[in-house]
Amino acid sequence: MNKLKKNKNESYYSSPVKLSSNHLLAIEGMEKSEIQDLIERADYFANLDRHTNTKVLQGYVVLNVFFENSTRTRVSFELAARRLGAEVINISLINSSIKKGESLLDTASTLNAMRPDLLIVRHPHSGAPLLFADYLNCSIINAGDGRHEHPTQALLDALTIKRRVGYLEGLKISICGDIANSRVARSNIHLLTTMGAEVRCVAPSTLMPSNLQNLGVKCFTNMKMGIKDADVVMLLRLQNERMTGTENPSEREYFKFFGLDEAKLALANPNAVIMHPGPMNRGVEIASALADDTNRSLIKTQVEMGVAVRMSIIEALNHTKNKVMKN
Amino acid sequence: MTFTVLKSIKVLNPKTYFNDISDVVICNNKIFSICKDFKTEVTQQDRQINIYDCNGLTMSPGLIDMRVNIGKTENLMAIQKIAAENGITSMVILPNQTPKLNNPSIIDHIKRQSENPNLTKVNIYGAATKDDHGLEMSEIGLMSEMGAIGFTNGNKSIKNSLVMRRLMSYAAMINRPIIQHAEDEDLSGLNKASTTLINGEMNEGEISTRLGLIGIPSCAEVIIVERDIRLAKLTGASYHVAHISTRDSINVIREAKKIGLKVTCDTAPPYFALNETSLLSYNTAFKLSPPLRKEDDRLAVIEGIQDGTIDAIASDHRARSKDTKAQPFSAASVGASGIETLFLMTLELVHKKIIDLNKAISLLTINPANVLKMKKPSLEKNELADFIIFDENYPDVINQNILKTSPTPFDRRKIKGKILGTFINGQVAHINQILKDKIIK
C-alpha cells in the first residue's frame with residue numbers, strides 16, 4: 001500500500017500495465033499485483049489534464065456489444081476508448097439478432113469476422129463473456145454478465161476508495177443490499193478481499209446467497225451491526241420486482257431495515273463514505289439527502305473514475321496482446 | 001442348425017450367483033449349454049460351428065437401461081443401435097418426447113416400430129398424466145395392456161399430491177410401478193408463477209454463489225420423496241425414484257425400505273462420478289437435471305449403491321445437440337448423453353474397489369428387471385440368449401469426438417473396460433474387431 005500512496009503524489013506510474021491474460025473476464029483469480037497496477041495506472045490517467053494527448057491506440061478497433069441496457073457503463077467504455085484514440089463501434093443487441101433467433105456463437109463469429117481488437121460485452125447470462133473468449137480471437141472485457149461479475153466496476157470502486165482514503169488494506173467495507181443478484185457485489189468481494197480489506201455483506205436473508213462466507217466475507221442480516229464502524233458503505237440497487245412480496249414484503253419495509261439513513265450511518269465510522277454503482281432508487285436503498293451529500297457520497301466520483309479505470313484496462317489489454325504476439 | 005461357441009469364457013450370472021470359466025454354446029435364440037467342454041455337447045460334424053476363443057473375457061446378461069430420453073432430433077432406431085453397441089440389450093424410454101407417449105395406440109405403435117431382432121429391445125414408460133399440467137390421469141390400464149411397464153411424467157415431477165395418490169392407488173391395482181423425477185418445482189424455480197423470479201440452474205451452494213448461477217436447494221428432491229413415500233404407504237404402491245442425487249433422499253429411502261415399503265430408486269453415473277465443482281468453468285455438458293450435487297451427496301450415492309439402498313444404475317441418457325449446449329450456461333439445454341458410458345462408468349466402481357463385478361452387473365441387469373417387474377435375465381440353459389461379452393480391463397479413454405451421442409460429461413476420462421460383443425436373441429447385434437479376430441478357424 002505504501003507504493004499506492006507514493007504514486008498518488010508522484011504519479012510516475014506512466015507505462016502501460018501488462019496482464020497475465022488477454023481478457024478481463026472476472027476479478028476472481030486475478031493477482032493482487034495486477035489489480036494494484038491497474039488501479040495505479042488508472043490513478044495516473046485520472047490525474048491527467050483532460051486535454052492531454054493520450055491517443056496511443058490509433059487504428060485500434062473496439063466493439064461495445066451490449067445485450068442488456070446500459071447507459072453509464074457503455075458511455076464510460078466509449079469515452080475511455082476514444083480518449084486512447086481507438087475507434088469505437090456501439091452495438092446494441094437487445095432487440096436485434098437475438099430476436100431473429102441467431103445463436104450467441106453465430107453473433108460472436110460474425111463480429112469476429114470483422115476483426116476487432118477488443119470486444120466489450122455485457123450479457124444477461126452469467127459466464128457469457130467466457131464463451132466469447134473461447135470462440136473469438138480478440139480480447140474480451142466483461143462489462144457485466146448476469147449475476148456473475150462486473151470487474152471494471154470493482155476496479156473503479158477501488159480507485160475511488162483509494163483516492164479518497166489512500167489505501168484499501170484493513171478498511172472495513174460494508175456491501176449492502178441485493179447481494180444474491182448482484183455482479184457488482186461479487187466482483188467487489190473478490191477484489192476487496194484480495195486487497196486485504198475487511199468485507200461485510202449486509203442483506204435480507206432472502207437476498208443473501210448460499211455459503212457467501214466461504215468467499216471470505218462476514219455476513220449480516222442486521223444492517224446496524226453490519227455497518228458498525230464501517231469506513232465505506234457500498235449500496236446496491238434493488239430491482240423493483242423484488243420489493244413486491246417476493247424477496248421483500250414492501251418498499252417501505254425494505255427501507256426501514258436495509259435503507260441507508262442518517263440513523264444507521266451514525267453507527268459507521270464518522271468519516272465513512274457512501275458508494276453506489278447506480279442507478280439509485282432514492283428512498284429505497286438510500287435516503288435521498290445522503291445520496292446528495294457531497295462530503296460523504298462518492299457516487300459521482302465513481303462515475304468519473306470509471307473512465308480512467310477503463311482506459312488503464314483497454315491500454316493494458318492492448319499492451320498484453322502485443323507482448324503475447326511478440327513472444 | 002448353427003452353433004456359436006464361446007470357449008473358456010468367464011460366465012457371470014448374478015441371478016444364480018454363477019461365476020466360473022466355462023464353454024457356452026448358443027443355438028438359435030437360446031443358450032444351448034453352459035459346460036466345461038463344448039465338445040461333449042456339440043458332436044455332429046455336419047453342423048456349422050463358430051467358435052470364439054474367449055479366454056480372458058467375461059460374459060454377462062445384456063444390460064437393462066431403465067431411463068433413456070429420446071430427444072427431438074434423435075431417431076429411435078439409431079439409439080437402439082448405439083445402445084446395442086454399448087451392451088444395452090433392453091432399454092426403457094421416457095414418455096415426454098414428441099408426441100407424448102400418453103395413450104395406448106402410441107405405445108402399441110412404438111412397440112411395433114421398434115421391434116427388430118438385432119436391435120436393443122424397447123420398453124416404454126407411459127405418461128402418468130395426459131397433459132403437462134399433471135392433473136388428469138392417463139389411461140394407464142390400457143397402456144399397460146399395450147406393454148407400458150411403468151408410469152411417469154419423465155423429467156417433470158408429478159406435483160399434485162391428490163393426483164399422485166390416485167395414480168399410485170390405480171397403478172398398484174394393475175401392479176405397475178410409478179416412477180418419479182423428484183423435484184419440488186416451486187423451490188427449483190421451474191414453476192413459472194409470477195412471484196418466483198428464478199429458474200434454477202445448478203445445485204445451490206458456494207459454487208452457485210461464485211458463478212452467479214441460480215441455485216436449486218438439494219431439499220427440493222427429498223421434499224417430494226418424503227411426500228411420495230407417505231403416499232406409497234397409504235396406497236401400497238410400488239414407487240421408484242429416478243436418478244436420485246442427494247444424501248437426504250437416500251436416507252429417507254433407506255428407512256422406507258427398512259419398514260418394508262415397496263420403494264426403490266436408481267441413480268446415474270454423473271451422480272456417483274462427479275460433483276458440482278465440475279461446473280466451475282461453466283461447461284454446459286454438466287448442466288443436468290437433477291443438478292450435480294456437492295461431494296457429500298456423491299459419497300452418499302456411493303454408500304447407497306454399496307448397501308443396496310440404490311437398486312439400479314441407469315444411463316439417464318438425454319443427448320443434446322451442440323447448438324443447444326454451445327450457449328451461455330443459463331440458456332443452454334439440460335441433459336447429457338449416457339448410453340455410451342453407462343457400462344464403462346459402472347465398471348469404474350469395480351476398478352475403484354467400491355463394489356465387485358457381480359454387484360455392478362446386478363445393478364445393470366437383474367435389479368432394474370426386478371424394479372420394473374420384468375423377467376430377470378439369466379445365463380442358463382434354455383434361457384434367451386441376450387448377453388454381452390466384455391474385457392473388463394481394456395484400457396481406454398472416453399473421447400467425445402469418437403462418441404456418437406453428445407455431450408458426455410466424462411470427456412477425456414481414463415477408464416478400463418470395453419464391450420466386445422452384444423448378442424440379442426442369440427444373434428450378433430454388435431461385434432468388435434477384437435472379438436472377430438478370436439474366431440477359431
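**Strands and helix pairs of chain B**

A: In this predicted model, strand S16 (residues 387-397) of chain B runs antiparallel to strand S17 (residues 414-424) of chain B, and eight bridges join the two. S17(B) itself is mostly covered, with eight of its eleven residues buried.

Turning to the helices, helix H12 (residues 342-351) of chain B and helix H13 (residues 357-364) of chain B have axes that come within 9 Å and cross at roughly 150°. With an angle over 145 degrees counting as roughly antiparallel, H12(B) is therefore roughly antiparallel to H13(B), and the crossing of H12(B) and H13(B) is right-handed. On the H12(B) side the contact is made by Phe343(B), Thr346(B), Leu347(B), Leu349(B) and Val350(B), while H13(B) brings Leu357(B), Ala360(B), Leu363(B) and Leu364(B). By class, the residues of this contact are eight nonpolar and one polar, with no charged residue.

A further helix pair is formed by helix H7 (residues 219-235) of chain B and helix H8 (residues 247-258) of chain B, whose axes come within 8 Å and cross at roughly 15°. Because angles under 35 degrees count as roughly parallel, H7(B) and H8(B) are roughly parallel to each other, and H7(B) passes H8(B) in a right-handed crossing. Here Cys219(B), Glu221(B), Val222(B), Val225(B), Glu226(B) and Ile229(B) of H7(B) meet Asp248(B), Ser249(B), Val252(B), Ile253(B) and Ala256(B) of H8(B), a contact that comprises seven nonpolar, one polar and three charged residues.

Finally, chain B also touches chain A, in a contact that takes 20 residues from chain B and 25 residues from chain A. On the side of chain B, helix H6 (residues 206-211) of chain B provides the largest share, with five residues, and that side as a whole has eight nonpolar, eight polar and four charged residues.

Technical notes. Residues are numbered from 1 along each chain as its sequence is written. Chains are lettered from A and ligands numbered from 1 in the order in which they are written. This is a predicted model: local features need pLDDT of at least 70, side-chain atom pairs count only at pLDDT 80 or more; totals for chains, interfaces and linings use all residues. Two residues are in contact if their C-beta atoms, placed from the backbone, lie within 7 Å. Helices (H or I, at least four residues) and strands (E, at least two) are DSSP runs, numbered from the N terminus. Ala, Val, Leu, Ile, Met, Phe, Trp, Tyr, Cys and Pro count as nonpolar, Asp, Glu, Lys and Arg as charged, and the others, Gly among them, as polar. Axes are lines fitted to C-alpha atoms, for helices over the stretch in contact, and angles run from 0 to 180 degrees between N-to-C directions. Angles under 35 degrees count as roughly parallel, over 145 as roughly antiparallel, 65 to 115 as roughly perpendicular and the rest as oblique. A crossing is left-handed if the near helix is turned anticlockwise from the far one by less than a right angle, and right-handed if clockwise. A residue is buried if 20 or more other C-beta atoms lie within 10 Å of its own, exposed if 12 or fewer, and partly exposed in between; C-beta atoms are placed from the backbone. Two strands pair if DSSP finds at least two bridges between them.
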